[in-house]
Structure formats: C-alpha cells, structure tokens
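Subject: Structure handover

Hello,

Here is the structure I promised to pass on. Please open it alongside this email.

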Amino acid sequence: MRPGRCLPVLTILLFGAMEVPAQAATIQITATDLVFAPAEVSAKVGDTIEWINKDMFAHNATARNGDFDVNMPPKKTVTSVLKKAGTVEYYCRYHPNMKAVLTVTP
Amino acid sequence: MFVRLSAAMAALSILGSAALAQGAKPTDPQIAHIAYTAGVIDIAAAKQAIEKAGNKDVKTFAQDMVRDHEAVNKQALDLVKKLKVTPEDNDTSKTLSKQATEKLAELAKLKGAEYDKAYVANEVAYHKAVNGALETQLIPSASNAELKSLLQTGLKIFQGHQQHAEQVAAKLK
C-alpha cells in the first residue's frame with residue numbers, strides 16, 4: 001500500500017469514531033427581553049446547550065440545585081455540556097424573575 | 001423619608017403637569033435627558049450602597065443596579081449618537097438631580113442595618129416613581145420609535161428591579 005492511500009482511510013476511521021459522541025444534540029435556549037425561551041426544555045446527558053443572550057443585559061443561568069451556573073454576557077452565545085441527569089430549575093441571579101426548567105435524562 | 005419620597009414623585013410629575021398646562025409633550029431630546037439622568041442617579045446610589053451596605057443581599061442588589069443601569073445608559077448614549085440628538089437639560093432632570101444629591105447625603109449619615117433598610121426602601125420608591133413616569137409620560141410622549149422601544153425595555157427591566165427591591169426589603173424586616 002502506498003502511503004498516499006492511507007490518508008482517506010484514516011480520515012474515514014477518524015470521523016467514524018467521532019460519530020459516537022456526535023449523537024449528542026445541541027439545544028438552544030435564548031434570553032430575550034428578560035425571558036428564557038423555551039421555558040421548558042428536555043435534553044440528555046452529554047447534550048450541549050447553546051445559551052444565547054439577545055439582551056443588552058448580562059444574565060446567567062443558575063441551577064437552584066447547584067448543577068450548573070452559566071454566565072451569559074450581553075449579546076453573546078456561550079455553550080455548556082450537560083453532565084448530570086435530573087429536573088433542574090434554573091434562574092438568573094441578576095434578574096430573579098427569569099426562571100425556567102431543564103429536564104435532563106440519562 | 002416620606003417627605004422625600006413624595007418630593008421625588010412630585011419631581012417626576014412636574015413634567016406631566018407642565019405638559020398638561022401647555023398642551024405640549026416633552027421632546028425626544030428632553031426625554032432622553034430625563035431617562036439618562038434617572039439612570040445616573042440610581043448608579044450613584046448603588047455605588048454608595050456597594051461601599052456602605054452590610055447585608056449581602058443589599059450589596060448584591062446594588063451591584064445588579066450598577067450593571068443594568070449602566071447597560072441601559074450605554075445603549076441610550078449609542079442611540080442619541082446614532083440619531084444625532086443632543087439630550088436637552090430640563091426642569092425635571094434638574095429637580096431629579098437635586099433631590100438625588102440630597103438623598104445621597106441623607107443616606108451617607110446612616111449606618112449598618114439602618115442604612116440597608118433606608119437604601120432599599122428608597123430603591124423601591126424610586127423605581128416606582130420612575131416606572132410611573134415612564135409609563136404615563138415618557139413612553140407615550142416619545143416620537144422616535146427606537147427611543148420609545150429603549151424606554152419600553154427600560155420599563156421592563158426597572159419593573160423587575162422594583163420587585164427585586166421589594167423582595168430584598170421584605171427579607172430585611
């Protein structure tokens with residue numbers, strides 16, 4: 001086998017291997033006008049949450065049970081990976097009226 | 001306290017009565033000035049609270065006020081720049097600033113729990129007064145759509161501040 005042939009094979013193997021964790025989904029949760037939307041989201045352990053802050057204000061998504069605490073700078077998107085299963089109520093510490101629920105299944 | 005409180009309310013209603021008397025609305029440059037001034041006042045009060053407050057919730061609330069009001073005022077500055085509008089000083093802004101300076105001096109004399117309570121009580125009253133003025137005077141009078149929209153966003157966040165202040169006040173009792 002010539003060395004040049006190895007590369008495509010390796011590439012396929014590499015991407016094939018990556019497909020296993022790639023089953024995890026990316027879910028968007030948006031903060032707009034001081035509201036988290038959707039207010040209720042279901043996800044699985046390993047899924048990525050894209051926290052999109054469309055407001056001019058800094059927010060955060062703070063789990064009441066301490067499972068996560070994500071800072072959401074104004075007009076920015078940040079991501080976090082869900083590590084633990086459970087039904088988690090979260091809120092914004094800066095704007096306690098902003099509340100939502102994230103249900104994480106194993 | 002109550003005298004000051006009603007004085008602050010009166011300051012915010014000056015615009016209303018003057019406008020009614022003349023049948024004129026405040027102009028956009030005046031509205032921008034009043035809204036910006038109202039923000040500056042709350043930021044100054046919050047910075048004092050960050051230094052003086054003993055209670056953790058009160059301090060955190062004050063930090064929230066600085067963060068949000070600075071964000072709104074930055075947006076307001078960007079908007080007037082974009083619209084090429086120069087905010088215009090007016091009697092309402094002047095009265096607001098004068099009373100705020102007095103209030104700050106009054107709060108400066110207080111200490112500990114007494115200060116915490118007085119600051120939070122004033123925050124409840126102040127946000128109530130500003131929200132009332134936004135709702136009944138400033139928003140309806142604004143002619144530029146972007147200014148109106150910014151004031152509406154302001155009202156929404158300040159209503160949240162009022163509730164937040166009320167919750168902090170209830171915990172201090």
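Below is what was found in it.

First, the ground rules. This is a predicted model, in which local features need pLDDT of at least 70, side-chain atom pairs count only at pLDDT 80 or more, and totals for chains, interfaces and linings use all residues. Residues are numbered from 1 along each chain as its sequence is written, chains are lettered from A and ligands numbered from 1 in the order in which they are written, and side-chain values use heavy atoms, with hydrogens and water left out.

Confidence

The model scores ipTM 0.81 and pTM 0.83. pLDDT is the predictor's confidence in each residue, from 0 to 100. Chain B averages 90, and 86% of its residues score at least 70. Within chain B, helix 2 has the highest mean, at 97, and helix 1 (residues 2–22) the lowest, at 51. Residues 16–23 of chain B fall below 50, and this stretch has 2 contacts beyond near neighbours in sequence. Contact means heavy atoms within 4.5 Å. Where pLDDT is low, the predicted coordinates should not be read in detail.

Chain A

Chain A has 1 helix and 9 strands. Helices (H or I, at least four residues) and strands (E, at least two) are DSSP runs, numbered from the N terminus. Of the 106 residues in chain A, 36% are buried. Buried means under 20% relative accessible area, exposed over 50%, and partly exposed in between (1.4 Å probe, protein chains only).

Gln28(A) is in strand 1 (residues 26–32). Gln28(A) is partly exposed because its relative accessible area is 48%. Not counting residues up to four places away in sequence, Gln28(A) touches Ala37(A), Pro38(A), Glu50(A) and Ile52(A). Ile52(A) is 24 residues from Gln28(A) in sequence, yet 7.0 Å away in space, C-alpha to C-alpha.

Pro38(A) sits in the loop between strand 2 (35–37) and strand 3 (40–44).

Leu34(A) has a positive phi, near 65°. Leu34(A) is in the loop between strand 1 and strand 2, and is buried at 13% relative accessible area. In chain B, Lys84(B) also has a positive phi, about 55°. Lys84(B) lies in the loop between helix 3 and helix 4 (91–108), and is exposed at 74%. Most residues other than glycine have a negative phi, and most peptide bonds are trans.

Cores

A nonpolar core is a set of buried Ala, Val, Leu, Ile, Met, Phe, Trp, Tyr and Cys residues joined through side-chain atoms within 4.5 Å. The largest has 48 residues; Phe36(A), Trp51(A), Phe68(A), Tyr90(A) and Leu102(A) touch the most other members. Helix 6 (residues 145–172) of chain B gives the most to this core, with 6 residues. Another core, of 20 residues, lies apart from it and includes Ala45(B), Tyr119(B), Val168(B) and Leu172(B).

Trp51(A) is worth a look. Its contacts, not counting residues up to four places away in sequence, include Ile29(A), Phe68(A), Lys76(A) and Tyr90(A).

Regards
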